[in-house]
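The following note sets out numbered points for a student who is reading this structure for the first time. Please keep the sequence and the model in view while going through them.

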Amino acid sequence: MQITTYTAFRQHLKSFLDKVLAEHSPLFVTRANGEDVVVLSKSDYERMQETFYLLKSPKNAARLLEGIQELERGEAEERSLLEE
């Protein structure tokens with residue numbers, strides 16, 4: 001996570017955006033007279049929205065979290081996808 005001021009962001013816009021895209025890391029831009037903002041890539045935003053959607057259902061969230069725990073305990077088995 002990187003933090004910069006609004007002035008520095010304006011002065012180095014391209015380099016800040018390139019870094020956000022390359023590192024998949026959000027950039028926090030502070031403003032003296034307003035609410036701070038966060039800059040992130042479109043793909044990172046879309047992944048975040050998909051995660052929120054999947055976790056919105058408590059039943060689905062529990063199922064996904066159990067799957068993650070099984071993976072971390074070494075109880076998961078990798079399978080290949082069926083090809084059509």
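1. A definition comes first: a residue is called buried under 20% relative accessible area, exposed over 50%, and partly exposed in between, using a 1.4 Å probe and protein chains only. At 42% relative accessibility, E46 therefore counts as partly exposed.

2. On the source: this is a predicted model, in which local features need pLDDT of at least 70 and side-chain atom pairs count only at pLDDT 80 or more, while totals for chains, interfaces and linings use all residues. Residues are numbered from 1 along each chain as its sequence is written, and side-chain values use heavy atoms, with hydrogens and water left out.

3. The sheet. Helices (H or I, at least four residues) and strands (E, at least two) are DSSP runs numbered from the N terminus, and two strands pair if DSSP finds at least two bridges between them. Three strands form an open sheet with mixed pairing, in the order β1-β2-β3. Its edge strands, each pairing on one side only, are β1 (2–5) and β3 (37–39). Direction ignored, neighbouring strands of this sheet are turned by 30 degrees against each other on average. In general, strands of a sheet pair through backbone hydrogen bonds, either parallel or antiparallel.

4. Strand β2 (residues 27–30) pairs with β1 in the parallel sense, over four bridges. T4 has V29 in β2 as its bridge partner.

5. A helix on the sheet. Helix α2 (residues 13–23) lies across β1, β2 and β3, and runs at about 165 degrees to β1. For such values, axes are lines fitted to C-alpha atoms, for helices over the stretch in contact, and angles run from 0 to 180 degrees between N-to-C directions.

6. Two helices packed together. Helix α3 (residues 42–56) packs against helix α4 (residues 58–72) at an angle of about 110 degrees, and their axes are 5 Å apart. This angle makes α3 roughly perpendicular to α4, a label given to angles of 65 to 115 degrees. The contact (heavy atoms within 4.5 Å) involves L54, L55 and K56 of α3, together with P58, N60, A61 and L64 of α4. These residues divide into five nonpolar, one polar and one charged. Here Ala, Val, Leu, Ile, Met, Phe, Trp, Tyr, Cys and Pro count as nonpolar, Asp, Glu, Lys and Arg as charged, and the others, Gly among them, as polar.

7. Salt bridges. How many salt bridges does the rule give? The count comes to five, a salt bridge being a side-chain nitrogen of Lys or Arg within 4 Å of a carboxyl oxygen of Asp or Glu. E66, R73 and E75 are linked in a network of salt bridges.

8. D18 and K14 meet through their side chains in a salt bridge of 2.6 Å, N to O. Both lie in helix α2, four residues apart, about one turn of the helix. D18 is partly exposed at 37% relative accessibility, whereas K14 is exposed at 61%.

9. In the salt bridge of E46 with K42, the closest N and O atoms are 3.7 Å apart. E46 and K42 are four residues apart in helix α3, so about one helical turn separates them. K42 is exposed, with a relative accessible area of 63%. D44 forms a salt bridge with R47, where the closest N and O atoms are 2.5 Å apart. These two residues also lie in helix α3, three residues apart. D44 is buried at 13% relative accessible area, while R47 is partly exposed at 46%.

Key:
Angles under 35 degrees count as roughly parallel, over 145 as roughly antiparallel, 65 to 115 as roughly perpendicular and the rest as oblique.
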